[in-house]
Amino acid sequence: METTMNPGNHPRPRRRSAVTALLLVAALACAGGAASADTTASGTAAPPAATTGGKLAAACTGTPTGFATVNALGQNGTTGGLGGPVVTVTTAAALKDYVGRPGPYVIQVSGRIQVSGMLTVVANKSILGVGTTAEITGGGLQLGSTTRPGNNVIIRNIRFTGAEDDSISVTNKAHHVWIDHNDLSDGYDGLLDIKRESDFVTVSWNHFHHHSKAALLGHSDNYPADVGKLRVTYHHNFFDGTDQRHPRVRFAEPVHVLNNYYRNNALYGVASTENAGVLVEGNYFENVAHPIYVGYDKSGPGRVVERNNRYVGSGTPQTAGTVVEPRTYYQYTVDDPATVPATVSAGAGVGKIGC
């Protein structure tokens, strides 16, 4: 197995079952949508207002690819809050209330919401940004706690900025999660961390920028409970000038890194460590000196298969061993990697899903 360079420590920054694919519908009202569930004068969240039939101007529909569609762990794909009340939130108190309520909810985030710390999101929620201006700033979303699972959650079309910790943390055995068409930047720790035995996640069409640590997968070298978990698909994401962790993987297998656009990533693109198994397929690396590492820093080597990638102004990828094929779990197509920069630049981030 090929050994790796040891780049050393770096400072912290500023911060789809082999059966059938589900059609997942995440209802999202656009401007002029559902009545607002805001807060009362006392600061407690008001109950959701009834949605008036003709006011839903449009709906976002989506069919994710990858691990979020797999029928496993008692959950047949990822449906989020489908079938639950549709509410619109404009304040931190209302957002915190609804993401923590039991049962399914479609929660529309309207405008800029300043939060503090991590808001715990429990099972069966769709958290969907309205239009192009939905933003969560100052804090982030944590999917689940040790006593309240964060399973079957969809997060789409939201800008995350300035988080005090992580912008999004998928943790505590959360499974069946779809994180799609978001914009994440300028946080304190990780922009999108997936860890602590979480599983069956798809991360798609997100724009990561103005940050160092983009996407961690696996809690630490000393958390082998992640072995056999952390099955994640990353596809059509734009890692735009972020330094590292696109993703950095421990223990997980398979991890599918498909048709992403890497540009000007100073430290590295993908790192597979601690015997993780990662397939890096159909991606475009531009000005990335170390597109793929096998092992990183003090973490032992993982396994990587790379195929059909483009390396432009970039170094030679490291590879090692064999990896379980994602097609064992779900079917997919691979875009020509030459088309990835244009396709991903145009399609990743907020305001790109017709709402």
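Author: Residues are numbered from 1 along each chain as its sequence is written, and side-chain values use heavy atoms, with hydrogens and water left out. In this predicted model, local features need pLDDT of at least 70 and side-chain atom pairs count only at pLDDT 80 or more, while totals for chains, interfaces and linings use all residues.

Reader: Why is N309 called buried?

Author: Buried means under 20% relative accessible area, exposed over 50%, and partly exposed in between, with a 1.4 Å probe and protein chains only. N309 has 12% relative accessibility, so N309 counts as buried.

Reader: What makes the approach of the side chain of N309 to the backbone nitrogen of N283 a polar contact?

Author: A polar contact is a pair of N or O atoms within 3.5 Å; within protein, one must be able to donate a hydrogen and the other to accept it, and residues adjacent in sequence count only if both atoms are side-chain atoms. The side chain of N309 reaches the backbone nitrogen of N283 at 2.8 Å. A polar atom of that side chain also lies 3.1 Å from the backbone nitrogen of G282.

Reader: Is S204 buried or exposed, and how do you know?

Author: The relative accessible area of S204 is 1%, so S204 is buried. Its side chain makes a polar contact with the side chain of D180, at 2.7 Å.

Reader: Why is the pair of F67 and Y330 called edge-to-face?

Author: Rings of Phe, Tyr and Trp (its six-membered ring) pair if their centres lie within 6.5 Å; planes under 30 degrees apart count as stacked, over 60 as edge-to-face and the rest as tilted. By this rule the count comes to 14 aromatic pairs. The centres of F67 and Y330 are 5.1 Å apart and their planes stand at 85 degrees, so this pair is edge-to-face. F67 and Y330 are 263 residues apart in the chain. F67 is buried at 0% relative accessibility, and Y330 is buried at 1%.

Reader: What makes F208 and F239 a stacked pair?

Author: Their ring centres are 5.0 Å apart and the planes are at 25 degrees, so the pair is stacked. F208 and F239 lie 31 residues apart.

Reader: How do you know that R327 lies over the face of Y332?

Author: A charge sits over a ring if NZ of Lys or CZ of Arg is within 6 Å of the ring centre and within 35 degrees of the ring normal. R327 is at 3.9 Å from the ring centre of Y332. The charged end of R196 likewise sits over the ring of Y223, 5.2 Å from its centre.

Definitions and conventions. Helix = DSSP H or I, 4+ residues; strand = E, 2+ residues; numbered from the N terminus.
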